[in-house]
Every structure is written in C-alpha cells, then in structure tokens.
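Good morning, and thank you for coming.

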Amino acid sequence: QTHFLSLPLQAKMSRAVQARRLEGIDKNIWVEFVKLAATYSKVNLGQGFPDFPAPDFLQEALKRALGSGNHMLHQYTRAFGHPPLVTALAQLFEKLLGRELDPMTNVMVTVGAYQALFCCFQAFVDEGDEVIIIEPFFDCYEPMVKMAGGTPVFVPLRPKAPKDGKLMSSADWQLDPAELASKFSERTKVIVLNSPNNPLGKVFSRGELELIAELCVKHDVLCVSDEVYEWLVYDGRELTRIASLPGMWDRTVIVGSAGKTFSATGWKVGWTVGPDRLLQHLRTVHQNSVYHCATIAQEAVAQGFQRELSLYGKPESYFVQLPRTLQQKRDLLIQSLVAVGMKPIVPEGTYFLVADISEFKSDVPEVPNSDEPYDYRFTKWMMKNKGLAAIPLSAFYSEAHKNNYTNFIRFCFAKEEATLKAANDILQKWKKEKASS
Ligand code: PMP
C-alpha cells in the first residue's frame, strides 16, 4: 500500500482532458445572453419560453397523476415512451399524416426535442458525412452534427425586398433552388428542416418542401424535420409536413416538443415520429444514453393529448386557441417595434419575431479593439441602456455567413400581456427620447 504515498500528489496536467469531439463547440450564445439579460434587463424577450402558465387542463393532469394513488407512476416506465403517451401521439399523427402508425415502433419519447435531435445525429451521421442546415437555424444543430463527426453544410434563406411600404414577411426569405441543389452530393446524409423556423418564423410552403423532398429522394438523403412549433402557425396558414410528401415518410424523422405544444418548456417531454427503419437506430442511441424519461410528466402530457384528440379542430382545442392568442401578441409587438423605428419581419409561425435594426447604427457606440458584430453590440447596448433583452440574429448563422446578417435581432413574444406592455412602454419612451435628440 505504501508505494502509493510516494507518488507525486499533482497529476500531470499536460494531457487534454476533453475528447477531440468537443473541440470548437464549447461556446454557446445562451450562456452569455441569459446571464446578461438576468443582470440588466427589466423586460426579457430574449430566450424562447412562455412566461404565462401552462393550460389548466395540463396542470390538472399532472395533479391527477400525482394524486391517483398509482405509485407506479413514480417508477420507470417503458424506456422508449410511456404507453399512454406513445398511443396518444400515434393517434394524433395518424390524423396529421393520413397513415397508420404503430405506437411502439413509429414513436419514441425523448427528454425534450433537444434529445430527439441528439439521437438523430448520433444515429445517422458518420465521420465524414455531410448534413445540410438551412440558415438561420436553431443553434444546436451545428455542434450536434460536429459531435457526431459530421460536417455541416450551410445554405441560407435569402431575403427578397418587400413591396414598397410593406413590412417584410418571413415568407420573403427563400431558398435559392440552384444553390440548394448544389449542396447535395454523395456525401450528404441528412438535411435538417425546421418549419415553422426558429428564429425567422418562416413556414415553408408546399412548393419549397417539394423541392427539398425531390432532392432528398434523388440523392437518397434523410430528413430530420424539427416541427416543435407545429401548432404555432398564423393568419389561417396550414403547416405542410414534409413526411406527407411522396417518397418522404421512409426517410423522415419528425421531431416534436410538449414544451412548445403545451407551453411547458420545463417539463422537457419531446418525441420523434417516423418509420421503424429509422427509429430503431434512435432507440439504440436512447437506450445507451438517457434510456428512461420522467414517467409522471409523460402521463400528464398523454392526458393533454387525449383531451386535444377529443376536441380536435374544435374552438376549445388548445391547438386552436394558442395560435389565436399568440397572433395577437405578435401583432402587439410588431406595433411597438414599428413605433421606435425597427422593421419587424412578420413571422408566419413560431413565437419569435426578427426585426431589422439598421436604423440605429449611430446610437450604438463602437467598442474599441473589438470585432463584435453590430447585432451583438446593439443587443447588449439595448439591454444595458433600455432594459430590454433580445438575441442577435447572427448567433443563428455559421461562422462563414454570420457577417452577412448583423442587422437583425430576435424577440420572443410568447409573453404575458403585462410583459409585452412593459416592452411597449420602454419602446415608447425610447421613441420620445429619439424624437427630442
Ligand atoms: N428545436 C427548436 C427549433 C427549438 O426552438 C427548440 C427550443 N428552443 C428545441 C428544438 C428544443 O426543444 P425542447 O425544449 O423540447 O428540448
């Protein structure tokens, strides 16, 4: 035993402790901006979560699950999804996709959509595979692809100038078909689609989805379709699901989130829906990483879906009411932003809104010896000087394309009326100060 005592107490520190797959992916925009917002902002329209309560029927479902006397709800449930939840999800997606689904093989429950995405990239992407990501994108796609050994290939949505005097719409941001086609090759394994899109709020049209689908079929590419904002579509639009297009069911995994669907982001219940030939590999990743998800949260979400199935398409349905309420909130925020001179891009979906801030360049001081992009500087300046938090849009772009999109910031409008009113007060005061300066 004594020879251990003679070993040096200091371990050698020259060896890298982290695995190579972590290189270059350690930065995360949220860590910095969430902290700044907490320190400086009075009104936080930055991070994407509702500050209003989850619906009563969902809260009641959780209470019922707790008080049911079924002590098994406190123990592990089926690893790939609590049976009542996968059953309800299968019933719902049968309606949405018009095909029969097996709850046990066509649905898998995850810890939020985040883990669903992680499972997809780990299951499908090999060293050297390329994954096409449409910009701007929900920021975790890039590091997750890299961690799996893949190479992200970026293709931007390109803004078209709106008609005179009109606000731009997220529909004005479109893929260039030739540019998109040029990104597909024999190395392409997956394309990530996010419709409705975070951060722009774009809802891809059927024509755009058909173009993507044709390329997927031609090049034998899989599609990870992140549809977490599936119920948040405005102005009477309908979401087209790429999995319902010819040739796409067999190559698509749909990703969803109870966090967004039921305004309960903290519950972290998500899911994947797709063919068994794809989901069987997600199950392999799941069983070797997370394995079980919280039983009681799944039970309550299952009851939420059962309620929605019974009210499907009726005015009392949360899936009908939530977008109606959020559309009003969207329009309120648009008005407030226009008042101060920002140019909002009207989102067709999601609870985000991107605004053009080019008019404010002279208000925001340059930071000496810093190459921080204008949208980052503006956002920090706005938080510190106006008490209003948002997120710079260039955070949703790859390093190579960031600098082309530094005149925009993203707001979240899934907020209480009081929060949006407080934001409006800040913007009105700001407008007056601008007028008098
Ligand atoms: N995908 C997108 C596009 C998102 O915006 C989010 C959450 N902001 C997620 C996935 C992750 O969802 P969850 O909270 O269910 O993990």
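I begin with the ligand: one of its nitrogen atoms is 2.6 Å from an N or O atom in the side chain of Asp226. Please keep in mind that this is a predicted model. A nitrogen atom of the ligand also has a polar side-chain atom of Lys260 at 3.0 Å. With Tyr114 the backbone takes part, as a polar backbone atom of that residue is 2.9 Å from an oxygen atom of the ligand. In total, 14 residues surround the ligand, and the closest are Ala113, Asp226, Tyr229, Ser257 and Lys268.

I now turn to the helices. Two packed helices are described by the angle between their axes and the distance between the axes.

How do the axes of H11 and H13 cross? Helix H11, residues 318-340, and H13 have axes that come within 8 Å and cross at roughly 15°. H11 is therefore roughly parallel to H13. Their contact includes Leu332 and Leu337 of H11, and Leu420 and Leu427 of H13. By class, this contact has 7 nonpolar, 3 polar and 4 charged residues. The crossing of H11 and H13 is left-handed.

Helix H13, residues 417-436, also packs with helix H12, residues 374-386, at an angle of about 95°, with the axes 12 Å apart. H12 and H13 are therefore roughly perpendicular to each other. Phe378, Trp381, Met382 and Lys386 of H12 make the contact with Ile426, Trp430 and Glu433 of H13. These residues divide into 5 nonpolar, no polar and 2 charged.

Thank you for your attention.

Conventions: Residues numbered from 1 in each chain as written. Predicted model: local features only at pLDDT ≥ 70, side-chain atom pairs only at ≥ 80, totals over all residues. Heavy atoms only, no water. Axes fitted to C-alpha atoms, helices over the stretch in contact; angles between N-to-C directions. Helix = DSSP H or I, 4+ residues; strand = E, 2+ residues; numbered from the N terminus. Parallel < 35°, antiparallel > 145°, perpendicular 65-115°, else oblique. Contact = heavy atoms within 4.5 Å. Nonpolar A, V, L, I, M, F, W, Y, C, P; charged D, E, K, R; others polar. Left-handed = near helix turned anticlockwise from the far one by under 90°. Near = heavy atom within 4 Å. Polar contact = N/O pair within 3.5 Å; in protein donor to acceptor, adjacent residues only side chain to side chain.
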